[in-house]
Amino acid sequence: MPMIDVYAAKGLIKDRKGLAQELAQAIMRWEKVPVIPFFTGNTAAFVHELDGDAFSTADGSNDHVRVAVTTNAGALDREQQLGLVKEICELVATAAGDPSLADRTWVALTEAVPGGWGIGGHAYTNEEIVQHVRELLSKG
């Protein structure tokens with residue numbers, strides 16, 4: 001299940017829960033997974049607020065946002081990567097009420113290793129997730 005972590009200065013994002021939900025829904029769309037409780041209940045985003053002096057670029061700026069996305073290996077092809085990163089930057093900028101923030105939002109896409117998805121005490125491989133979802137879908 002994709003996990004998204006947003007790191008921003010305190011007070012920058014007014015509706016943190018709203019942004020978190022929009023980000024979680026966005027990655028589900030880009031991954032093209034079925035809208036079922038297994039995905040909607042386990043795909044999540046977290047918005048972390050940092051003190052303004054807790055981060056800096058090399059030139060001393062602290063007006064950026066970092067977004068770390070972890071997904072399963074191979075979930076996103078190149079077109080999906082480009083679309084998701086663009087949408088994430090737009091969602092963050094909108095949530096901050098600052099269109100220029102899209103240019104200062106960094107997105108790191110990473111892939112979990114096989115067995116790197118722990119849910120309910122089980123470390124799922126990609127194949128196990130696919131099999132589990134097929135079983136859920138076959139039950140109606």
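**Reading a helix and its strands**

Me: Which residues of H1 are buried?

Reply: This is a predicted model. The buried residues of H1 are Gly-18, Leu-19, Ala-20, Leu-23, Ala-24, Ala-26, Ile-27, Met-28 and Glu-31. Now the general idea. An α-helix has 3.6 residues a turn, so residues three or four places apart point the same way. Back to this case: among the buried residues are Leu-19, Leu-23 and Ile-27.

Me: How many residues does H1 have, and what span is expected?

Reply: H1 covers residues 16–31, which makes 16 residues. At 1.5 Å a residue, 22 Å is expected. From first C-alpha to last, H1 reaches 23 Å, close to that value.

Me: What follows H1?

Reply: Lys-32 does. The phi of Lys-32 is positive, near 60°.

Me: Let me turn to the strands. Is E3 mostly covered or mostly open?

Reply: Start with the general idea. In a regular strand the side chains alternate between the two faces of the sheet. In this model, E3 is mostly covered, with six of its eight residues buried.

Me: Which way do E1 and E4 run beside E3?

Reply: E1 and E3 run antiparallel, joined by five bridges. E3 and E4 (residues 105–112) run parallel, joined by eight bridges. There, Val-69 has Leu-109 of E4 as its bridge partner.

Me: How does the chain get from E3 to E4?

Reply: The chain passes through H3. This β-α-β crossover is right-handed.

Technical notes. Residues are numbered from 1 along each chain as its sequence is written. This is a predicted model: local features need pLDDT of at least 70, side-chain atom pairs count only at pLDDT 80 or more; totals for chains, interfaces and linings use all residues. Side-chain values use heavy atoms; hydrogens and water are left out. Helices (H or I, at least four residues) and strands (E, at least two) are DSSP runs, numbered from the N terminus. The expected span of a helix is 1.5 Å times one less than its number of residues. Buried means under 20% relative accessible area, exposed over 50%, partly exposed in between (1.4 Å probe, protein chains only). Two strands pair if DSSP finds at least two bridges between them. A crossover is right-handed if, with the strands pointing away from the viewer, the path from the first strand over the helix to the second runs clockwise.
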